[in-house]
Amino acid sequence: MLDDFTPLDRRLLDDFQRGLPTVAQPFEWIAGQLGLSEAEVITRLSDLRDQGAITRVGATVRPNTAGASTLAALTVPKDRLEEVGAQIGAHNEVNHSYLRENDWNLWFVVTACDTAHLEATLSDIRQETGLAVLDLRLKRPFNIDLGFAIGGGGYRPQTRQDIDLGVLHPDDRPLLHRLSRGLPLCPRPFAQVARTLDRDEAEVRERTEALIRAGIISRFGVIVRHRRIGWKENAMVVWNVPPDRMDAAGTELAALPGVTLCYERQTVPCLWPYGLFSMIHARTRDEAQEVLARARALPTLIGADHQVLFSTRCFKQTGALLTKSREKVA
């Protein structure tokens, strides 16, 4: 897997996953760090995107700041997986969709411009599939700033808690939508984004920087596809933790090396008692199991009821939808 990438590829994948500046020519800035030309950087990033190693160069937007989102799941019979997977993926509001090892086997993230749009999308999915939807809204993040190192030992930055929502302007949502779908791979990407939004380039750059400083954009840079760069196994591990232990357990779990995401979600009585969610990304299932063993041994989680849901297939992975459009993918 690593042999697929040149030393230059590895630098692009490893070193620029966050911290991309909002200068007029950000790819020229990357080129300066690598001793290359801007054209060479743009060409290599385009090739990596075409190869499926990266999804985009752009923003990840903190959940439930500029829009509304949820993690949802369906119990899909095996003979309907292709049909239902396609139905789910056809919704622009669905930006991630995975098959996991559980009775609730098809998991997906829905992101919309507001709660009403989110609710309408979930209602459409219920009607189209004829299946019950498990709706698990985010309550609290412990670590949601995901990143990967191509050589192993993935990044573990802690999620900021001091988010300044007062910075958000009503007209920032179309910009955030464009940034979350990826910058154009061209010498002046902000200028091209500005043209599509009928705005000024300097204003677009200023607003992007303000949203990064406010923590609404949680990461700005190269967004990699973890499977393609060697992180082939991922397990969503969910824990049934009493409310009075949630803060301590979430904080401890988020700090454990190998745990790449950690957050609290709503539970559903009689259906889903697991409120603490964590993600383990690893190169092999054995590596993931080693991380899980360390998690089980944490003082706050010893003896806690939990389930391990390994992902077996990715149906869809793209940037979040933050506009009002409800058109489906063609």
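## Asn143 in strand 6

Asn143 is part of strand 6; helices (H or I, at least four residues) and strands (E, at least two) are DSSP runs, numbered from the N terminus. This is a predicted model, in which local features need pLDDT of at least 70 and side-chain atom pairs count only at pLDDT 80 or more, while totals for chains, interfaces and linings use all residues. Residues are numbered from 1 along each chain as its sequence is written, and side-chain values use heavy atoms, with hydrogens and water left out.

Asn143 is buried, with a relative accessible area of 1%. Buried means under 20% relative accessible area, exposed over 50%, and partly exposed in between (1.4 Å probe, protein chains only). Asn143 and Val259 are 116 residues apart along the chain, and their C-alpha atoms are separated by 9.0 Å.

An open sheet is formed by 9 strands in the order 5-2-4-3-11-8-10-9-6, with antiparallel pairing. Its edge strands are strand 5 (134-136) and strand 6 (138-143), each of which pairs on one side only. From one strand to the next, the twist averages 30°. Two strands pair if DSSP finds at least two bridges between them. Strands of a sheet pair through backbone hydrogen bonds, either parallel or antiparallel.

Strand 3 (residues 94-100) and strand 11 (residues 306-317) run antiparallel and are joined by 5 bridges. Opposite His96 stands Gln317 in strand 11.

Strand 8 runs antiparallel to strand 10, with 7 bridges joining them; Trp239 has Leu276 of strand 10 as its bridge partner. Strand 8 also runs antiparallel to strand 11, with 5 bridges, and there Met236 has Leu309 as its bridge partner. Helix 10 (residues 285-296) lies across strand 8 (233-239), strand 9 (259-265), strand 10 and strand 11, and runs at about 140° to strand 11. Axes are lines fitted to C-alpha atoms, for helices over the stretch in contact, and angles run from 0 to 180 degrees between N-to-C directions.

## Ser278 in strand 10

Ser278 lies in strand 10 (residues 276-282). Ser278 is buried, with a relative accessible area of 1%. Not counting residues up to four places away in sequence, Ser278 touches (heavy atoms within 4.5 Å) Ala235, Met236, Val237, Trp239, Leu253, Val259, Leu261 and Cys262.

The side chains of Ser278 and Trp239 are joined by a polar contact of 3.1 Å. A polar contact is a pair of N or O atoms within 3.5 Å; within protein, one must be able to donate a hydrogen and the other to accept it, and residues adjacent in sequence count only if both atoms are side-chain atoms.

## Helix 8

Helix 8 (residues 201-213) has 13 residues and reaches 18 Å from its first C-alpha to its last, close to the 18 Å expected at 1.5 Å a residue. The expected span is 1.5 Å times one less than the number of residues. At the N-terminal end, Asp200 caps helix 8, with a side-chain oxygen 3.0 Å from the backbone nitrogen of Ala202. Gly215, whose phi is positive, near 85°, follows helix 8.

The buried residues of helix 8 include Glu201, Val204, Arg207, Thr208, Ala210 and Leu211. Their cover includes helix 6 (172-181), helix 7 (189-197) and strand 7 (217-224).
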